[in-house]
Amino acid sequence: MNQANRDHLRRMLQESAEHFGIRAQLIKTLEELGECSAAVARVVHDDSSRTLKANLVSEMADVHNMLDQIEFLMGLQNEVEVERYGKMRRTLERIRTKEQS
């Protein structure tokens, strides 16, 4: 996806978030997380199915869209990014520590 499309996606997500508001988007996020969880479970049992993988991609996109809207509405973009960085740094430290043992 090019930068113009990324910018357009960001604007669309913000418009949707502002239209529906935080409560509705939090509730919708719960729904989308459940659907994504179910899609993950189906792929765990059959990771060769193109149909199941396509459904997983669709559900992951829904979850990303909802989480982006919540980050926007609650002003959490920076905090989430910092937390993600810290969590991945700690994970890699644990991996590297085990590899050296």
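On a 1 Å grid over the protein atoms alone, a pocket is an open set of points where a 1.4 Å probe fits, with protein on both sides within 12 Å along at least five of seven lines, and its lining residues have an atom within 4 Å of a point. Keep that in mind for this predicted model, where local features need pLDDT of at least 70, side-chain atom pairs count only at pLDDT 80 or more, and totals for chains, interfaces and linings use all residues. Residues are numbered from 1 along each chain as its sequence is written, and side-chain values use heavy atoms, with hydrogens and water left out.

Let's start with two helices (DSSP runs of H or I, at least four residues, numbered from the N terminus). Helix α1 covers residues 3–45 and helix α2 residues 50–74; they pack at an angle of about 145°, with axes 6 Å apart. Those axes are lines fitted to C-alpha atoms over the stretch in contact, and angles run from 0 to 180 degrees between N-to-C directions.

Now look at glutamine 69, which sits in α2. Glutamine 69 counts as buried because its relative accessibility is 5%, and buried means under 20% relative accessible area with a 1.4 Å probe, protein chains only. Leaving aside residues up to four places away in sequence, glutamine 69 touches Leu13, Ser16, Ala17 and Gln25, where contact means heavy atoms within 4.5 Å.

On to the pockets. Among the residues lining the largest one are His64, Leu67, Ile70 and Arg84, and α2 and α3 (77–100) each supply at least two lining residues. The second largest pocket is lined by Arg6, Leu9, Arg10, Leu13, Gln14, Asp68, Glu71, Phe72 and Gln77. Here α1 gives the most, with five residues.

Methods:
Buried means under 20% relative accessible area, exposed over 50%, partly exposed in between (1.4 Å probe, protein chains only).
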